[in-house]
Amino acid sequence: MDKSQLAIVLQVLKKYNLKSTEESLRKEANLTENLDGLPQESDVGSELTGYKSDGDPETYEAAYTELKRFVETSLDIYKHELGTILFPVLVHMYLELVYNGHSEQAISLMKKFAPEQEPYYQDDLKKLAIVTKREHMNGNELTETFKSNQFIIRMSRDTLSLLKRHLNDKKMSVLINIIQEHLYFDMYEGVARSKSQIFATSGAVGGEAKRQDNKTKVYYGIPKAPDIQTLAAPVEDEDETADQDNPDKPKKKKAKKDPLFSKKTKSDPNAPPVDRIPIPELKDNDKVEKVKALREVSKRVNLGPESLPSCCCYTLLNANHTVCCAEITEDSSMLAIGFNDSIVKVWTLTPQKLKSMKSAEQLEEVNVEADDVLVRMMDERSGKSSRTLCGHSGPVYAVSFSPDRSLLLSCSEDTTIRLWSLQIWTCLVVYKGHMFPVWDVKFSPLGYYFASASYDRTARLWATDHYQPLRLFAGHFSDVDCVQFHPNSNYIATGSSDRRVCLWDVTTGNSVRLMTGHKGAVQSLAFAACGRFLASAAADGQLLVWDLSHGHLVAELLGHAGPVHCLGFSRCGNILVSGGLDCTLNIWDFAKLSEETSSEEVNVSHNPDVKSGDAYLLRKFQTKNSPLISVHFTRRNLLIAVAVFDGAST
């Protein structure tokens, strides 16, 4: 059977999904013909049953040495892209030797070549080095990930052609089999990438994101706010035209248009349709609250290099190693803290006390038709400065207030999510669906919906009136550590220990953006006020900013020496704040960064250049041995931080 006949038969078999026959025909072709499939996805199932033995285990070390020599002696323009195959080839050579019972050769291979790999891969290699027998591979998260998924490498056509020619000349079946079965080359046209461009997107478990992963259109804009000006109290003004027939008659007063609503807001062309997701209807009380919020916003200070925010830090004393999380309400009136002894505590940040509802007998006397019925239902004598919520049976890892401040979500190591009423101060619902600890939970900006992230490698979308999740977002290779709603509530972002950031469409449950570049577990996320940009921070102190319009990396902001646990954008969107375990609070000029990004023409076929450094750092606040766990901007752009004093460090 010649090449042309084989190609036709393979096309027919692929059309009818006859994989087993197709694989046997592929074996009839020689190794050179197999290499023609390198740029395309290999016909490997979602889970590989095992590694093929290639005979002599002593040939693996020689094959890897030859591949390494080829990379190092290549021209500089291709060297960096060719070098991206060294790590995945070493991993799969090691696993193949272990799988086929050649532990001694596998250990020797790892000891010799592992120290030469990039620093951000060293932790993975140490975890793999523990696996020295086939039975160790079962249930191991990292080995299962490498066995079941192809390692993605983005490579130019010229670089890939050079690699194919080398493999054809050497005819090393060990290398050819591994590259054919376990690597996926996302080929692009153009000049090979530089070392800095490759570094910007490398580091994630499973390799880089394919360009196809970021092709879907994302409606990142903010929909026009609903018309609520009818609820605003009209401002009266004297009529300038007096009655000519009766000059002594008092002048009539007419309602003057509220200046707060005089400006017409333009609709964002990138915004999703208003009816794209079901939105709960606003109650009258919610509309009044929105009007109040708009009045606060009208008094807001626009921040920038010349007007940095005032900062207030709430420091928790005698709570070292007991506090897990903190959250402040949207109107800055309450603070919730989750503790490792399974309790949640809520404090008021205003002179107004936290009241509970009247008894059933007293509620019967309340006039339900009154406009202030909610106020009348509360017991004035029950006011306290703090409340304690008990119910979890493990550490509470995250808390989240509903936009109207009537509900609070909490998630725990006990695998449950609890919904608490902040009016009767008790648990209303226990949501069960995750089978492992839940690391994070967030309310949607609309209320009603919320999202959770878990150790079980999934994120889930819930509604407060459904006890089962509405959507399950699966695709990460490790724990999903953090989750965040997009300002328009049509998308959620997730950050994982697999060092990847994903954006999911809540209407379909599909991944619409996959962003790689972090070198540590992603622990915090924040969306810009405009909805176009996403900031993510990791355990190694790396802070990255992504452009969601194309899914590419915009900037790497350097300024932290430890894990970054909290991120926040100012209400005006001009300032980005980051706080971490290095006891520093950094303020970044995000307006300048977004302006420069919007004015540039981006080459989205492969990696654009990434801004890096501390050029956008405006100010650094230092606490006294108090790691920061939460940041929050008030409606008027005052910055509030929450920290835990670490007395052991003094």
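**Close-up views of a predicted model**

Figure 1. Helix α7 itself spans residues 103-113, and its buried residues are Ala106, Leu109, Met110 and Phe113. Viewed down the axis of α7, these buried residues lie within an arc of 95 degrees, so they line one face of the helix. An α-helix has 3.6 residues a turn, so residues three or four places apart point the same way. On the face of α7 turned away from the buried side are the exposed residues Glu104 and Lys111.

**Figure 2. Crossing of helices α6 and α12.** Helix α6 comprises residues 86-99 and helix α12 residues 173-182; their axes come within 10 Å and cross at roughly 105 degrees. Angles of 65 to 115 degrees count as roughly perpendicular, and α6 is therefore roughly perpendicular to α12. From α6, the residues Val89, His92, Met93 and Glu96 take part in the contact, where they meet Val174, Leu175, Ile178, Ile179 and His182 of α12. By residue class, the contact of α6 with α12 consists of six nonpolar, two polar and one charged.

Figure 3. Met172 is located in the loop between α11 (157-170) and α12. With a relative accessibility of 22%, Met172 counts as partly exposed, since buried means under 20%. When residues up to four places away in sequence are not counted, Met172 touches Ala63, Glu66 and Leu167. Tyr60 lies 112 residues from Met172 along the chain, and the C-alpha atoms of the two residues are separated by 9.6 Å.

**Figure 4. The enclosed helix α10.** Of the eight residues of helix α10 (residues 141-148), six are buried, so the helix is largely enclosed by the rest of the structure. The buried residues are Leu142, Thr143, Thr145, Phe146, Lys147 and Ser148. They pack against α6, α8, α9 (134-137) and β1 (151-156).

Figure 5. Six of the six residues of strand β28 (residues 584-589) are buried, so the strand is largely enclosed by the rest of the structure. In a regular strand the side chains alternate between the two faces of the sheet. In β28, Thr584, Asn586 and Trp588 point one way, whereas Leu585, Ile587 and Asp589 point the other way. Strand β27 (residues 575-580) pairs with β28 in the antiparallel sense over five bridges, and the bridge partner of Leu576 in β28 is Trp588. These two strands, β27 and β28, form a hairpin with three residues between them, and Cys583 in the turn has a positive phi of about 65 degrees. Five bridges also link β28 to strand β30 (residues 617-622), again in the antiparallel sense; here the bridge partner of Asn586 is Lys620.

**Figure 6. The open sheet β5-β32-β31.** Three strands form this open sheet in the order β5-β32-β31, with mixed pairing. Its edge strands are β5 (311-316) and β31 (628-633), each of which pairs on one side only. From one strand to the next, the twist averages 20 degrees. Strand β32 (residues 639-644) runs antiparallel to β31 and is joined to β31 by five bridges; the bridge partner of Ser630 in β32 is Val642.

How values were computed
Residues numbered from 1 in each chain as written. Predicted model: local features only at pLDDT ≥ 70, side-chain atom pairs only at ≥ 80, totals over all residues. Heavy atoms only, no water. Axes fitted to C-alpha atoms, helices over the stretch in contact; angles between N-to-C directions. Helix = DSSP H or I, 4+ residues; strand = E, 2+ residues; numbered from the N terminus. Parallel < 35°, antiparallel > 145°, perpendicular 65-115°, else oblique. Contact = heavy atoms within 4.5 Å. Nonpolar A, V, L, I, M, F, W, Y, C, P; charged D, E, K, R; others polar. Pairing = 2+ DSSP bridges. Buried < 20%, exposed > 50% of the residue type's maximum accessible area, 1.4 Å probe, protein only. Arc of directions from axis to C-beta.
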